[in-house]
Amino acid sequence: MGASHSNEAAHWEEIRHAENLEKERRQRLEEENLALQQRQRELEREKATLDLEVRQLHPTHLRKTSDAILEIKREMFGESDSHINVAVVGLSGTGKSTLINRLRKVPDNLPGAAPCGEVETTNTSTMYDLPSMPFIRLWDFPGGNTAAHPERFYFDILRLYAFDALIINATDFLSDLDVQLCSLAALYSLPVALLRNKADLALEAKLRRKDFTLPHDALAQLREEFHASLSRNLKDDSPVNSGLISTFIVSNHEMDIEQSPLPQPFADNARLLDWLTQLAS
Ligand SMILES: Nc1nc2c(ncn2[C@@H]2O[C@H](COP(=O)(O)OP(=O)(O)OP(=O)(O)O)[C@@H](O)[C@H]2O)c(=O)[nH]1
Ligand SMILES: [Mg+2]
């Protein structure tokens with residue numbers, strides 16, 4: 001009787017012990033589970049931050065390999081194309097199409113000229129040859145940062161990585177799109193001509209305000225302002241330092257200034273032609 005009682009007690013003791021072990025195990029698992037959930041939330045937060053950083057750095061972050069680029073070049077320009085293909089890009093209305101006509105010496109209203117206008121005008125990419133430089137092809141593109149071509153996808157959708165160089169048109173300010181194009185061009189080692197276009201309007205405004213009496217001085221000020229804006233806006237100015245970006249103050253129109261006309265108000269227009277010539281060498 002005594003022995004069976006103590007057996008029973010030992011049995012219950014065993015069960016309690018097993019129950020306690022099971023309870024402790026469950027508690028441990030629950031704690032581990034909570035810690036894992038906490039870690040998962042931390043990792044998700046870290047991932048979201050990193051995703052954001054990557055998107056901000058390179059909105060297109062799926063960088064094309066050189067093999068993929070060669071394949072796309074063949075598809076876009078033909079199997080044995082030996083031209084230097086230059087994309088003329090930038091915000092809508094910055095004067096891209098007018099610039100192409102000016103470089104080709106074709107009046108804007110002639111058949112065969114790139115269509116220009118006062119609304120969003122160019123809707124598809126069009127190729128133009130440059131009679132004075134048969135090795136160059138200029139591609140007129142629709143303006144970026146519009147509903148049809150939102151800024152985040154402009155570089156990728158237009159496949160600008162497949163070009164040999166970019167001419168980026170800016171006017172009164174350097175836009176987000178211009179800055180993004182500069183850094184993506186640098187990622188693919190594309191030479192860039194960054195234009196401060198429609199300089200005639202800016203110079204006229206400076207002279208009208210009588211900030212300057214000589215167009216030369218107004219032009220020098222405009223150049224200074226443009227470079228200051230460039231160093232403010234390009235977070236990493238290495239493309240400028242590495243010589244990948246060249247800057248130009250240009251106009252597609254003659255200046256309408258009666259007093260002291262400048263012999264060559266926009267010498268940079270000629271420099272831009274030199275820049276195109278050098279792309280071939
Ligand atoms: N004053 C002045 N006006 C210019 C100059 N270049 C272009 N314009 C005018 O700016 C307007 C827009 O010119 P476009 O060449 O059509 O501009 P775009 O960048 O091709 O525009 P999208 O095709 O819409 O992207 C037109 O009225 C042009 O006459 C310039 O250097 N000076
Ligand atoms: Mg256009």
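This note sets out numbered points on the fold, the sheet, the helix packing and the ligand shell of a predicted model.

1. **Basis of the model.** The structure is a predicted model, in which local features need pLDDT of at least 70 and side-chain atom pairs count only at pLDDT 80 or more, while totals for chains, interfaces and linings use all residues. Residues are numbered from 1 along each chain as its sequence is written, and chains are lettered from A and ligands numbered from 1 in the order in which they are written.

2. **Overall composition.** The chain holds nine helices and six strands; helices (H or I, at least four residues) and strands (E, at least two) are DSSP runs, numbered from the N terminus. Of its 281 residues, 26% count as buried. A residue is buried if 20 or more other C-beta atoms lie within 10 Å of its own, exposed if 12 or fewer, and partly exposed in between, with C-beta atoms placed from the backbone. Among contacts between residues at least 6 apart in sequence, 67% join residues at least 24 apart; a contact requires C-beta atoms, placed from the backbone, within 7 Å.

3. **The sheet.** Six strands form an open sheet with mixed pairing, in the order β2-β3-β1-β4-β5-β6. The edges are β2 (126-129) and β6 (245-249), each with a single partner strand, so one side of each is left without a neighbour in the sheet. From one strand to the next, the twist averages 25°. Two strands are taken to pair if DSSP finds at least two bridges between them.

4. **The β2-β3 hairpin.** β2 and β3 form a hairpin with six residues between them. The two strands run antiparallel, and four bridges join β2 to β3 (residues 136-140). Threonine 126 has aspartate 140 of β3 as its bridge partner, and tyrosine 128 stands opposite leucine 138 in β3.

5. **Strand β1.** Five of the seven residues of β1 are buried, and the strand is thus described as mostly covered. β1 pairs with β3 in the parallel sense over five bridges, and with β4 in the parallel sense over five bridges. Valine 88 takes part on both sides: its bridge partner in β3 is aspartate 140, and its bridge partner in β4 is isoleucine 167. Aspartate 140 is also the bridge partner of threonine 126.

6. **Helix α5 on the sheet.** Helix α5 (residues 176-187) packs on the sheet and touches β1 (84-90), β4 (165-170), β5 (192-196) and β6. The direction of α5 makes about 165° with that of β4. Axes are lines fitted to C-alpha atoms, for helices over the stretch in contact, and angles run from 0 to 180 degrees between N-to-C directions.

7. **The α6-α7 packing.** α6 and α7 (residues 215-233) pack at about 115°, with their axes 9 Å apart. Their crossing is right-handed; a crossing is left-handed if the near helix is turned anticlockwise from the far one by less than a right angle, and right-handed if clockwise. α6 contributes Ala199, Ala202, Leu203, Lys206 and Leu207 to the contact, and α7 contributes Pro215, Ala218, Leu219, Gln221 and Leu222. By class, eight of these residues are nonpolar, one is polar and one is charged. Ala, Val, Leu, Ile, Met, Phe, Trp, Tyr, Cys and Pro count as nonpolar, Asp, Glu, Lys and Arg as charged, and the others, Gly among them, as polar.

8. **Leucine 203.** This residue is found in helix α6. Leucine 203 counts as buried, with 25 C-beta neighbours inside 10 Å. Its C-alpha atom is separated by 9.5 Å from that of aspartate 217, 14 residues apart along the chain.

9. **Positive phi values.** Lysine 198 has phi near 55°, a positive value in a residue other than glycine. Lysine 198 lies in the loop between β5 and α6 and counts as buried, with 21 C-beta neighbours inside 10 Å. Arginine 159 has phi near 55°, likewise positive in a residue other than glycine. Arginine 159 lies in the loop between α4 (151-157) and β4 and is partly exposed, with 16 other C-beta atoms within 10 Å.

10. **The shell around ligand 1.** There are 22 residues around ligand 1, of which Gly95, Ser97, Thr98, Thr122 and Gly143 come nearest. The elements giving two or more residues to this shell are α3 (96-104) and α6 (199-208). α3 gives the most, with three residues. By class, the shell has three nonpolar, 14 polar and five charged residues. A residue is near a molecule if its C-beta atom, placed from the backbone, lies within 6 Å of it.

Definitions and conventions
Two residues are in contact if their C-beta atoms, placed from the backbone, lie within 7 Å.
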